[in-house]
Amino acid sequence: MNEQIRNSLEIHDYLNQQKQVVDSYLDDFLPSASEYPEIIHEAMRYSLLAGGKRLRPILALATTDALDGDFHRAIFLACALEMIHTYSLIHDDLPAMDNDDYRRGQLTCHKKFGEGIAILAGNALLTQAFQLLAEIPGDESLAPTKIRTIHHICRAIGSRKGVIAGQVVDLITQGKQFTRKELEYIHSAKTGALIEASVYTAAILAGADRDTRQRLRNFGSTIGLAFQIVDDVLDVTGSPEELGKASGKDTAGHKATYPRLYGLERSREIANELVEAAIQELSFLGDKSEKLKELAQFISIRRF
Ligand code: GRG
């Protein structure tokens, strides 16, 4: 077996095994579907437990491992990140945004439960995420670290270079000419910011020093941009079966994408170059960086 295939099998095994860990905690952290008012809890569970790669929580756990951080704290952060991510998918799929019928291989939340409940399910997941962050276990001495973690997540998903900002620029550039600067801004904010926060906040929670945090932050933002570029490429080259959602939507919606500006081949090269640059940032971690490196490589080779 050649080395590339072996590495690819190893990372898929690791992702599957970590996904099971994350999924079992997500299940525990969510209200039961039989709790009143049932429909909102059903909708939250429907979208959150539908599948998905769990890349953001797995990145947070891999960062925690690399820094010898505490798993029992990090899992609260990891699940909060996945709840925020799923909230963004539910709202992104709404008729007022991308108007999608399928996500994670099943009907979108609003198609299944109606728009009102889908909006509220997204809001409830966001709220539940911040409750989890406040509940990260630890005595009073951990309070400043928790506040820093929460503060960074707020910044990462907000309207100033955060996920909301990226989504806004994505919406207002649709069908229009866009510049390279706008394109990089959309991708870094809409997708990169939460991926960066997954690594950076895990480093905060693990008590990493400033230099370590900064290097991991660079790593996270660089793989975050690469992740969205690959997403653009897969929208052109992937099938709905592989992606669990419609493909070709970016072209149909005249969205600002890397393939539109650079073509497919160059877009793939840019993503690979970013992943390589991100991996260089990790050299200071020595052998402890192995899983983070593999996760970065997965971003280049992923087909879903
Ligand atoms: C403030 C978080 C937040 C949201 C409000 C709706 C919205 C504003 C933003 C949308 C952001 C968005 C959907 C960006 C796309 C990110 C992306 C590449 C999603 C696909 O991620 P994967 O491939 O999906 O990790 P799975 O299903 O595997 O988790």
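How far does a polar side-chain atom of Lys53 lie from an oxygen atom of the ligand? The distance is 2.6 Å. That falls under a polar contact, a pair of N or O atoms within 3.5 Å; within protein, one must be able to donate a hydrogen and the other to accept it, and residues adjacent in sequence count only if both atoms are side-chain atoms.

Before I go on, this is a predicted model, where local features need pLDDT of at least 70, side-chain atom pairs count only at pLDDT 80 or more, and totals for chains, interfaces and linings use all residues. Residues are numbered from 1 along each chain as its sequence is written, and side-chain values use heavy atoms, with hydrogens and water left out.

The ligand is surrounded by 21 residues, each with a heavy atom within 4 Å of it. Among the elements that give two or more residues to this shell are helix H4 (71-92) and helix H10 (210-237). Helices here are DSSP runs (H or I, at least four residues), numbered from the N terminus. H4 gives the most, with seven residues.

Staying with H4, that helix contains Asp92. Why does Asp92 count as buried? Because its relative accessibility is 15%, and buried means under 20% relative accessible area (1.4 Å probe, protein chains only). Leaving aside neighbours within four places in sequence, Asp92 is in contact (heavy atoms within 4.5 Å) with residues including Met97, Arg103 and Gln167.

Next, H10. Its 28 residues should span 40 Å at 1.5 Å a residue, and its end C-alpha atoms are 40 Å apart, which agrees. The expected span is 1.5 Å times one less than the number of residues. At the start of H10, a side-chain oxygen of Asp209 comes within 3.2 Å of the backbone nitrogen of Asp211.

Last, helix H1. The buried residues of H1 are Ile11, Tyr14, Leu15, Gln18, Val22, Leu26 and Phe29. An α-helix has 3.6 residues a turn, so residues three or four places apart point the same way. What covers the buried residues of H1 includes helix H2 (38-48), helix H3 (55-66) and H4.

Terms used. Buried means under 20% relative accessible area, exposed over 50%, partly exposed in between (1.4 Å probe, protein chains only).
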